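Hello,

I am passing a structure on to you.

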Amino acid sequence: MLEKSLFLLCFSSALAKQLCAPDASDGYKVRLSIRTALGDQAYAWNEDELFLFRATLAFAMRNRISGQQFEVSNIIVCDETPRVSFWFVVTSPSNTSHLVDKEEVEEAIRKSRNRINSAFLLTDKTLEFLGIPPTLAAPVSPDTPPWLIVFGVVMGAVGAGIVVMLAFSVVQKKRKKDGKVVDEAVEEETRAKTTDNGAAGDGVYNMSFSDDERFTEM
Amino acid sequence: MKLKLPNPGLEGRIPSHGELEKMEKEEAGDRPKWDNKTQYLLTCIGFCVGLGNVWRFPYLCQSHGGGAFMIPFLILLVLEGIPLLHLEFAIGQRLRKGSVGVWRSINPCLTGVGIASLMVSFLVGMYYNTIMAWIMWYLFNSFQNPLPWSQCPLNANRTGLIEECARSSTVDYFWYRETLNTSEAIDDAGGLQWWIVLALVAAWSVLYVCCIRGIETTGKAVYITSTLPYLVLTIFLIRGLTLKGSIEGIKFLFTPDVNELMNPTTWLDAGAQVFYAFSIAWGGLISFSSYNPIQNNCERDAVLVGIINSATSLYASISIFAILGFKATTSFNNCLQANIIALTNHFELPDQNITVENYGQWFEYLNQTSPGEVASLHLRHCDLNTFLDQSASGTGLAFIVFAEAVIAMPGSQVWAILFFVMLLSLGLSSMFGNIEGVLNPIHDLNLVPKWVPNQLVTGIVCLVSFLVALIFTLGSGNYWVEVFNGYVGSVPLLIIAFFEFVGVIYVRGMKTFSEDIVFMTGKEPSIFWKACWMVISPLMLMAVLIAYVIIQAQQHPNYFAWNPLYELFPQTEVKPYPDWVFAIILLLCVVPVLSIPLVFVYKLIQRRLRSSSARTELNPYCNDGFEVETREQKKRRA
């Protein structure tokens, strides 16, 4: 009995190892860069963290394929390196020797990528699934481009400036014209005053020149 | 030594010293004048200090042997730049007219020099303000987080970045695609880019509102536009010095390479830079100094403006290269990081084992143990000097290199806004002088009737320039700006400056000019000025001109095109100009200076006709038997 169970155990683990191998057709390589992401607050990678990973992945599979009860044992991991990278394959819960298709796994991971990342406090860049490019976040594009708003403000200020300057010029010209009219009126008055020379009447009548000589003597 | 040209009526055109003094006191209201000396100096400094000080001089300094470049630059500054400045200031102040008026006063045959200045100012103003429009576009786009040139847009199915952006860089893509939407060749017009048209409208409107009442408004505007660049450069210098790698940049800039002094191109570039940096032959400086009071020390002004201009170039280089050193260090670190990640991933080492500090040791070790694998990774060789060498000049420096540097600095929006506001101020103060160089000759030539107000003339000039400058908003607009920049703003100016020397020193006469300067400043110009004006500076101008023409003639002119289909993309493709563009280039070089000989011949013929017809016509009102003694002659007799 004991030998049978031992044999089954060895056989299943051997089978599992065969299912999971580097460059497996239905497997993916995962790479974690914990120290890059967290610096001083990095946690050590150990068996428990690996267990969490397998559990998260099982959750992702359940999330994608409803009805099938994926367990932690369905996620098989191999080829662990000090880099913290490893390969994994997903076996079907109904038939443990049958692997779930690559596309299904990819869809599942894509769907729950955010949850997987946050379980490990990592990002798309520091938790890499080689072969599954992350869906890039669309850049936020506001309805009115911001530059148009700034343009509008500047043009408004410039337009107001032009109107103010032109109005100022017109007012100044009018003031100058009024000033010139006033000046001219003052000048004319003084001119009229200067033509009035009342002193011409004062003088001595010169007898040598008299009106008697209107008719020249023959 | 004086050129004998027929010059009747000289006394009538140029007011004598006594008449000038009388004019000062009586006709003070007629001609615009400066509120104070500071305004005048700030306007001249603002005109001279332009974009070239910030993006041409640092590039020249770094590519021609760093600190060693200062030697030819300073020599040519003293022998060529400052004498030219002094000449323009003195002649404008003495004759109290703009560029056309000044040359017409000296001798009507020389009016062509002023007309040439007018045409060059007009053509240069168009493309210069287009660069202003680009700067405004970048300024408007700096008010968002994140900066639009810091990320690539996604492609159609959101799986990756747009290919053109991924292959070049985010800043390249933003400049060539989202700003210019540049076509692959100058033949391909590409249609008007509406956002650049809007920016152009903004640029010309801002210029109009500042120039609307001539030097009354520009005189106030220069308090800001001429002083702001210095403030911003200081802020950038202080910030730059706190960033990592800035000292390497400054060291790289000033490392002298004395061998460069043997290279004639260095001297040519220094001469050209000194000449163009002082905005000579545009006519703006003559106009500005004509608004001065007659007893103003123009010699001191010229020396002051010259020194401040060169000091600004130097100061700007230090600031710019501090930031560029930071950028080079960042690029170098990024290069190293890429290599580190490749090595870490390939050899499955724990991450962060290889760092920037111990990269060298790890690389040695891995190369020794498994060289084949290391070779298969195709690691990029990272060298700090290569990155420092990637400096650029012109629009490339501002819109690509510096924009990239700004993204890497924390608080990018503030630095971007500051930088582009500084460029805007620099360009705007130069445009003031440019507009003055266009408006004043139009005034002097009496092209518009007197009843048309100045504001309308300014508005029409701005509108016409805007409409013609729409060429530069096409898809191929960038290539056309390069054409104008390289050919209009170079050879014609040198020729005009040469004729300015001839006109003042040889037609008016060194003796008369010296008397003018004695009257204005109170002392005789020293032997240094006389030697420079008569011999040294014109010779240097000729040398720069001839060398420039020879270098241009040696090869068919070509341009750098941004072609995503080019095999070596993202490098720019070198394409020759097509023949029709070449014809336009020749026209641009020749037509402005054509007015000099044309007007000369026209005036000679006119005078010949007039003198021959005067003999046959008898004026019943003018009896030559009685000569009316002019006040001048009476004074001279007394």
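What follows is a short account of its cysteines.

Please keep in mind that this is a predicted model. Searching the whole structure over all chains gives two disulfides.

Start with C152(B) and C165(B). Their sulfur atoms sit 1.7 Å apart, and the two form a disulfide. C152(B) is in the loop between α8 (111–140) and α9 (163–167) of chain B, while C165(B) is in helix α9 of that chain, so the bond ties together parts 13 residues apart in sequence. The S-S torsion here is about -85°, which means the disulfide is left-handed. Both C152(B) and C165(B) are buried.

Now the other pair, C335(B) and C382(B). These form a disulfide too, with 1.8 Å between the sulfur atoms. C335(B) belongs to helix α17 (residues 298–347) of chain B. C382(B) lies in the loop between α19 (371–376) and α20 (384–389) of chain B, so this link joins parts that are 47 residues apart in sequence. The link of C335(B) and C382(B) is left-handed, with -85° about the S-S bond. Both of these cysteines are buried.

Counting bonded cysteines along chain B, the pattern is 1-2, 3-4.

C211(B) has 4% relative accessibility, so it counts as buried.

C462(B) is buried, at a relative accessible area of 5%.

Best wishes

Note on methods
Residues numbered from 1 in each chain as written. Chains lettered and ligands numbered in written order. Predicted model: local features only at pLDDT ≥ 70, side-chain atom pairs only at ≥ 80, totals over all residues. Heavy atoms only, no water. Disulfide = S-S within 2.5 Å. Helix = DSSP H or I, 4+ residues; strand = E, 2+ residues; numbered from the N terminus. Buried < 20%, exposed > 50% of the residue type's maximum accessible area, 1.4 Å probe, protein only.
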